Amino acid sequence: MSDPKSVLAEGKRLLMAAALDLTANTRSLDGFSLRELARSAGLNPNTFYRHFKGFDELGLAIIEDMMSQIRQPLRDLRREAAESVVPPGSPPISWQENPRLNFVRSWQVSNVTVELFFKFVEENPKAFILGVRELHGSSPVLRKALRKLMKDFAHDMAEDIEILGLLPKLDPASLLSVSEVISREMFQLSMDYIEEPERRDEICQQAGTSIVNLTMGSAMLAGHVELLADALR
């Protein structure tokens, strides 16, 4: 006898997968009917409301699932990348003591962050198509959720930059501001990455360079010009 909870979980998964399939074909979540969604999922239309109150809740579930899969791995990878240059347990080395070493750490973290992010995009293109489309879609609930997703990524990035010492000292507001710009740009570049596979290496390089330019530019504006000049010598 099957477990009712597992049946419910499977039905929810099938509906989410069907929604991603349908939105990948140039439509937003409000562009197809409940009957069409249920047919694509292989379920009776009446089962939809066992899992979701409406299409907004379905979209939120997809966004939350995407967030849960990428958020912590990105943070773990940033730490691992920083430790690949300066192993854990080593005494902290400030930017003033060794600006070049710290610039290498920052560049390394930027590269692996970009690599993991776009690998996730490549493995989950339909989720990003839905996300970019709904960011400018008709549902205020989903627009708000997607803006929060990007803000959460930005908060993680700003916190990791501070904890790992990836930039000379910046005030928290400036650090969060530049992290938010990076988060939005990465999200928008995901569509280019999906739709232009022949340019993927170029897009990754563009994203990595943009991150370094934005972060180091912010550090220069904060008065760390000489320190960064030393790092590039």
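This is a predicted model: local features need pLDDT of at least 70, side-chain atom pairs count only at pLDDT 80 or more; totals for chains, interfaces and linings use all residues.
Residues are numbered from 1 along each chain as its sequence is written, and side-chain values use heavy atoms, with hydrogens and water left out.

Back to the two rings. Phe117 and Phe128 form an edge-to-face aromatic pair, at 5.7 Å centre to centre and with 85 degrees between the planes; the rule here is that rings of Phe, Tyr and Trp (its six-membered ring) pair if their centres lie within 6.5 Å, and that planes under 30 degrees apart count as stacked, over 60 as edge-to-face and the rest as tilted. This pair links distant parts of the chain, since Phe117 sits in helix α5 and Phe128 in helix α6 (residues 125-135), 11 residues apart.

What else does Phe117 pair with? Phe117 and Phe118 form another edge-to-face pair, at 5.2 Å centre to centre and 80 degrees between the planes, and Phe118 is buried, as is Phe117. Ring pairs join Phe117, Phe118, Phe120, Phe128, Phe187 and Tyr193 into a cluster, and the count of aromatic pairs by this rule comes to 10.

Now to the helix packing. The axes of α5 (residues 99-123) and α9 (residues 200-221) come within 9 Å and cross at roughly 140 degrees, where axes are lines fitted to C-alpha atoms, for helices over the stretch in contact, and angles run from 0 to 180 degrees between N-to-C directions. The two helices are therefore oblique to each other, given that angles under 35 degrees count as roughly parallel, over 145 as roughly antiparallel, 65 to 115 as roughly perpendicular and the rest as oblique. The crossing of α5 and α9 is right-handed, which is to say that the near helix is turned clockwise from the far one by less than a right angle, anticlockwise being left-handed.

Which residues meet there? From α5 they include Phe103, Trp107 and Phe118, and from α9 they include Ile203, Ala207 and Met216, with contact taken as heavy atoms within 4.5 Å. The residues of this contact divide into 10 nonpolar, 3 polar and 2 charged, counting Ala, Val, Leu, Ile, Met, Phe, Trp, Tyr, Cys and Pro as nonpolar, Asp, Glu, Lys and Arg as charged, and the others, Gly among them, as polar.

For α6 and α7 (residues 140-164), the axes come within 8 Å and cross at roughly 115 degrees, in a left-handed crossing. Gly131, Glu134 and Leu135 in α6 meet Leu142, Arg143, Leu146, Arg147 and Met150 in α7, a contact with 4 nonpolar, 1 polar and 3 charged residues. Met150 also touches Ser183, a residue of helix α8 (residues 172-195) that is buried, with a relative accessible area of 7%.

Finally, the whole chain: there are 10 helices and 0 strands, and of the 233 residues 45% count as buried.

Notes
Helices (H or I, at least four residues) and strands (E, at least two) are DSSP runs, numbered from the N terminus. Buried means under 20% relative accessible area, exposed over 50%, partly exposed in between (1.4 Å probe, protein chains only). Lists of a residue's contacts leave out its neighbours within four places in sequence.
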